[in-house]
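This report describes the architecture of one protein chain for a reader who is new to structural analysis. Please keep the sequence and the structure in view while reading.

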Amino acid sequence: MELLQDFRAVHGRRWQVLLANRGFHALIIYRLSHFLWKRHVPILPMIFSRLIQFIDGIDIDYQAEIAGGCWIIHGYGVVIGRGTIIGPNAIIFHGVTLGRSFTERKEDGYPTIGQHVFIGAGAKVLGKVKIGDFVTIGANTVVTGDVPSHHLVYGNPCIKKQKDH
């Protein structure tokens with residue numbers, strides 16, 4: 001179950017995670033709203049998504065696809081757009097935007113994030129880009145192009161470097 005994987009991914013005392021971790025709370029509500037959306041339940045998924053925004057300051061669209069083991073750290077200001085796909089065991093810090101971009105007034109799509117990806121505070125991943133597995137995206141980095149697996153990216157415009165194994 002994905003929610004159990006999310007719970008196990010979060011570091012800290014288990015009772016604190018359950019009572020006070022806004023990222024985990026946002027994922028609980030997201031998973032419920034996504035479940036309802038997949039079963040064609042009207043209106044409730046949208047209401048639950050807005051509830052996350054209001055309570056936790058985290059905007060996760062119920063149509064996004066987030067695999068288990070996701071850990072949202074601090075969380076405030078995180079935006080995960082409608083068509084975003086996030087692989088297992090992602091770590092996402094506060095202020096991150098994973099969303100669409102526009103080119104010549106046309107929407108160009110949403111990002112696909114691989115497994116075991118670390119996304120630093122304030123980073124933006126925009127457009128129909130593919131982020132490979134085991135990628136680290138530095139704080140405040142703006143990514144608008146594909147990033148191969150096992151790379152570190154940082155800066156604006158982003159600089160890509162192969163990670164040492």
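The model discussed here is predicted.

**Helix α4**

Within helix α4, the residues P45, F48, S49, I52 and D56 are buried. Viewed along the axis of α4, these buried residues lie within an arc of 100 degrees, so they line one face of the helix. The buried residues of α4 pack against α3 (22-38) and β1 (59-60).

The length of the helix can also be checked. Helix α4 covers residues 44-56, which are 13 residues, and at 1.5 Å a residue it should span 18 Å; the C-alpha atoms at its ends are 18 Å apart, which agrees. After α4 comes G57, whose phi is positive, near 70 degrees.

S49 belongs to α4, and because its relative accessibility is 1%, below the 20% limit, S49 counts as buried. Setting aside residues up to four places away in sequence, S49 touches S33, I60, D61 and Y62.

**Strands and their pairing**

Strands of a sheet pair through backbone hydrogen bonds, either parallel or antiparallel. Here, 4 strands form an open sheet with parallel pairing, in the order β2-β5-β10-β13. At its edges are β2 (65-66) and β13 (130-131), each of which pairs on one side only.

| Strand pair | Bridges | Direction |
|---|---|---|
| β2 and β5 (residues 85-86) | 2 bridges | parallel |
| β14 and β16 | 2 bridges | parallel |
| β16 and β17 (residues 159-162) | 4 bridges | antiparallel |

Opposite residues can be named for these pairs as well: I137 faces V153 in β16, and L152 stands opposite K161 in β17. Together, β16 and β17 make a hairpin with 4 residues between them, and G155 in the turn has a positive phi of about 90 degrees.

In soluble globular proteins, nonpolar side chains tend to be buried together. The largest nonpolar core of this model has 29 residues, of which I60, I80, I92, L98, I119, I131 and I137 touch the most other members. Helix α3 gives the largest share of this core, 3 residues. Another core lies apart from it and has 8 residues, among them F7, F24, I73 and F93.

Beyond its neighbours within four places in sequence, I131 is in contact with T112, I113, G114, V117, V125, I137, V143, G145 and V147.

**A buried residue in a loop**

Not counting residues up to four places away in sequence, T141 touches A123, K124, V153, Y154, G155 and C158.

Notes:
Residues are numbered from 1 along each chain as its sequence is written. This is a predicted model: local features need pLDDT of at least 70, side-chain atom pairs count only at pLDDT 80 or more; totals for chains, interfaces and linings use all residues. Side-chain values use heavy atoms; hydrogens and water are left out. Two strands pair if DSSP finds at least two bridges between them. The expected span of a helix is 1.5 Å times one less than its number of residues. Buried means under 20% relative accessible area, exposed over 50%, partly exposed in between (1.4 Å probe, protein chains only). The arc is that of the directions from the helix axis to the C-beta atoms. Contact means heavy atoms within 4.5 Å. A nonpolar core is a set of buried Ala, Val, Leu, Ile, Met, Phe, Trp, Tyr and Cys residues joined through side-chain atoms within 4.5 Å.
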